[in-house]
Amino acid sequence: MSTTLIQKQSTSQSQRGAEESPAVKWLLIGLAVAFCLVFLLLPLANVFVQAFSKGWRFYIAALSHPDSVAAIKLTLLVAAICVPLNVVFGLAAGWAVAKFEFRGKPLLITMIDLPFSVSPVVAGLMFVVLFGLQGFFGQWLDNHDVRIIFAIPGIVLATVFITFPFVARELIPVMQATGVEQEEAALTLGANGWQTFWKVTLPSVKWGLIYGIILCNARAMGEFGAVSVVSGHIAGQTNTMPLQVEKLYNEYNAAGAFAVASLLALLALFTLGIKTFLEWRQARDYRRAQAS
């Protein structure tokens with residue numbers, strides 16, 4: 001009886017310890033709101049204010065300029081190439097790390113996390129050292145008329161390097177949480193490897209995969225440092241949208257720079273909206289599953 005009483009007292013004390021006074025609660029909420037307002041919403045609003053500072057006609061003209069159109073197309077092209085490549089790598093890496101034990105597994109995990117710790121500028125410089133004209137493979141590439149640095153292949157390589165952890169890092173914990181019981185049951189019932197992957201593994205990790213794709217796509221479109229090093233800043237050819245923003249701003253065309261930046265911000269907000277919608281869908285499906 002005394003033990004039960006002690007447990008109840010400790011539980012009530014822990015609950016009281018987790019509760020904050022209304023003043024502290026509203027102070028924390030106010031600080032969070034103020035931080036978001038000052039460092040997130042105001043700069044974002046300022047981008048659109050500056051973009052439309054010279055009117056709609058100038059805004060449309062800035063976006064329809066040939067260099068801006070080329071930058072938009074290149075950004076979308078790079079994202080369209082990098083995201084599928086990262087999906088394939090992320091699925092393979094996530095499956096290997098979560099489902100199997102093998103030598104070098106910690107090293108693979110470290111390699112996956114490497115782009116998080118390496119500066120994008122250093123990553124771009126790494127590709128220049130490898131594939132530039134004075135790099136390790138530069139002479140051979142030049143003799144065979146293959147251009148990587150200051151061309152689209154270099155931009156794709158740099159963007160893939162920067163973005164490849166996102167899909168894998170979203171999938172690994174999800175696959176570890178689901179375990180291997182479902183796959184083993186499918187194999188026991190006669191399914192082959194591909195059937196197990198498409199019918200069992202992929203549906204169980206679809207939300208993690210979708211989140212990884214969204215994050216990877218957002219980073220691919222917004223990458224600046226690594227792309228800046230390998231692109232050569234050739235207007236109309238190797239300038240992505242972030243590089244076009246820098247170019248216009250350095251040319252004292254602030255309204256044009258903000259116009260392109262606003263389009264990039266709209267793409268980011270659209271991506272965030274998709275992510276929020278998917279999280280709502282996931283929570284709704286979970287509540288329905290719990291209710292049933």
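# Questions on a predicted helical model

Reader: In which loop does Arg103 lie?
Author: This is a predicted model, in which local features require pLDDT of at least 70 and side-chain atom pairs count only at pLDDT 80 or more, whereas totals for chains, interfaces and linings use all residues. Residues are numbered from 1 along each chain as its sequence is written, and side-chain values use heavy atoms, with hydrogens and water left out. Helices are DSSP runs (H or I, at least four residues) numbered from the N terminus. Arg103 lies in the loop between helix 4 and helix 5 (105-117).

Reader: Is Arg103 buried or exposed?
Author: Buried means under 20% relative accessible area, exposed over 50%, and partly exposed in between (1.4 Å probe, protein chains only). Because its relative accessibility is 86%, Arg103 counts as exposed.

Reader: What distance separates the C-alpha atoms of Arg103 and Val146?
Author: Along the chain, Arg103 and Val146 are 43 residues apart. Their C-alpha atoms are separated by 37 Å.

Reader: What does the side chain of Lys105 reach?
Author: Lys105 is found in helix 5 and, because its relative accessibility is 12%, counts as buried. Not counting residues up to four places away in sequence, Lys105 touches Val97 and Phe100, contact meaning heavy atoms within 4.5 Å. A polar contact is a pair of N or O atoms within 3.5 Å; within protein, one must be able to donate a hydrogen and the other to accept it, and residues adjacent in sequence count only if both atoms are side-chain atoms. At 2.7 Å, the side chain of Lys105 reaches the backbone oxygen of Val97.

Reader: Which residues is Phe161 in contact with, leaving aside its neighbours within four places in sequence?
Author: Phe161 is among the members that touch the most others in the largest nonpolar core. Leaving aside those neighbours, Phe161 is in contact with Pro115, Ala123, Met126 and Phe127.

Reader: What is the angle between the planes of Phe89 and Phe164?
Author: Rings of Phe, Tyr and Trp (its six-membered ring) pair if their centres lie within 6.5 Å; planes under 30 degrees apart count as stacked, over 60 as edge-to-face and the rest as tilted. The whole structure holds 14 aromatic pairs. One of them is the edge-to-face pair of Phe89 and Phe164, with 5.0 Å from centre to centre and an angle between the planes of 90°.

Reader: How many residues apart in sequence are the parts that the pair of Phe89 and Phe164 ties together?
Author: Phe89 counts as partly exposed because its relative accessibility is 31%, whereas Phe164 counts as buried because its value is 15%. Phe89 lies in helix 4 and Phe164 in helix 8, so the sequence separation of the parts tied together by this pair is 75 residues.

Reader: Which helices do the buried residues of helix 11 pack against?
Author: Helix 11 (residues 206-222) has 17 residues and reaches 24 Å from its first C-alpha to its last. This is close to the expected 24 Å, the expected span being 1.5 Å times one less than the number of residues. Buried residues of helix 11 include Trp207, Leu209, Tyr211 and Ile214. Those buried residues pack against helix 4, helix 8, helix 10 (193-204), helix 13 (241-250) and helix 14 (254-291).

Reader: What is the phi of Asp145?
Author: Asp145 lies in the loop between helix 7 (138-143) and helix 8 and counts as exposed because its relative accessibility is 69%. Most residues other than glycine have a negative phi. Asp145, a residue other than glycine, has a positive phi near 55°.

Reader: Which side chain does that of Ser228 join in a polar contact of 3.0 Å?
Author: Ser228 is found in helix 12 and, because its relative accessibility is 17%, counts as buried. The polar contact of 3.0 Å joins the side chain of Ser228 to that of His233.

Technical notes. A nonpolar core is a set of buried Ala, Val, Leu, Ile, Met, Phe, Trp, Tyr and Cys residues joined through side-chain atoms within 4.5 Å. Helices (H or I, at least four residues) and strands (E, at least two) are DSSP runs, numbered from the N terminus.
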